[in-house]
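This report looks at pockets and at one helix. Please view the model alongside the text.

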Amino acid sequence: MPMHVLGLKIGVVEALDGGAPYPQRFVTATRKVAAAGPLKIARDRLAGDEQADIRNHGGPDKALLCYGLSHYVPWREELGLPELGPGGFGENLTLDCMEDEVAVGDRWRVGTAVCEVSQPRVPCWKQSARWQRPHLTERMQETGRTGWYLRVLEEGEVWPMAEVEVLARPWPELTLRRCNEALFGPRDPHEAGILAACPALAVRWRDQLLRRAGD
């Protein structure tokens with residue numbers, strides 16, 4: 001059964017008010033707004049979308065950020081944020097799938113573009129600062145509700161409700177949830193080594209897992 005783009009979002013760099021223990025003002029592009037599309041999916045980003053921290057966001061391995069729509073129900077309840085919805089975690093694409101259903105190396109046709117799942121997201125403190133929930137980043141890691149990135153193999157266009165077709169699943173056992181558990185859970189050198197050997201995994205994620213495998 002095909003998936004669909006249930007939310008298409010872009011954002012611009014802006015300064016937001018933080019709160020203890022975060023900076024009083026911080027720069028981010030995590031606050032996304034709905035886009036009508038069609039928008040071009042380029043090699044390094046979605047057209048109209050910006051990144052404040054280009055070292056950790058955007059680029060070939062992190063061209064598009066995805067998040068599962070069904071995660072928003074438990075987050076609204078846990079965080080007491082009834083307004084939290086698609087785009088709330090800074091994603092470009094809100095999809096009808098989750099980390100235990102997606103694997104590294106999955107190849108998708110997204111609209112007219114061809115993309116590949118490259119890594120789970122490593123949540124940063126800016127999500128906590130934006131929503132004024134100090135433990136949110138840690139909870140994203142603990143729950144495995146992190147989201148994930150796509151690299152772009154063939155540029156194309158995407159629009160709201162565009163079909164997401166699975167073209168290939170070369171490593172179905174290497175789910176994003178498994179990757180998250182290997183990086184954020186109890187240290188398991190053998191498991192970290194298995195995941196790090198996947199050639200589709202983004203280089204920075206591979207390096208982190210190799211450190212866990214060798215510590």
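How do the residues lining the largest pocket divide into nonpolar, polar and charged? The lining holds 11 nonpolar, 11 polar and eight charged residues. The model is predicted.

## Largest pocket

The largest pocket has a volume of about 480 Å³. Its lining is made of 30 residues. Nearest the pocket's centre lie Asn 56, His 57, Arg 121, Cys 124 and Tyr 149.

## Second largest pocket

Eight lining residues are nonpolar and five are charged. No polar residue takes part.

## Helix H1

Helix H1 spans residues 72-79. Its buried residues are Tyr 72, Trp 75 and Leu 79. Seen down the axis of H1, these buried residues fall within an arc of 60°, so they line one face of the helix. As a rule, an α-helix has 3.6 residues a turn, so residues three or four places apart point the same way.

What covers the buried residues of H1? The cover includes S6, strand S7 (93-95) and helix H3 (136-143). Just after H1, Gly 80 takes a positive phi of about 65°.

Notes
Residues numbered from 1 in each chain as written. Predicted model: local features only at pLDDT ≥ 70, side-chain atom pairs only at ≥ 80, totals over all residues. Heavy atoms only, no water. 1 Å grid on protein atoms, 1.4 Å probe; cavity = no way out; pocket = protein on both sides within 12 Å on 5 of 7 lines; lining within 4 Å. Points joined across faces, edges and corners; volume = space filled by probe spheres on them. Nonpolar A, V, L, I, M, F, W, Y, C, P; charged D, E, K, R; others polar. Buried < 20%, exposed > 50% of the residue type's maximum accessible area, 1.4 Å probe, protein only. Helix = DSSP H or I, 4+ residues; strand = E, 2+ residues; numbered from the N terminus. Arc of directions from axis to C-beta. Contact = heavy atoms within 4.5 Å.
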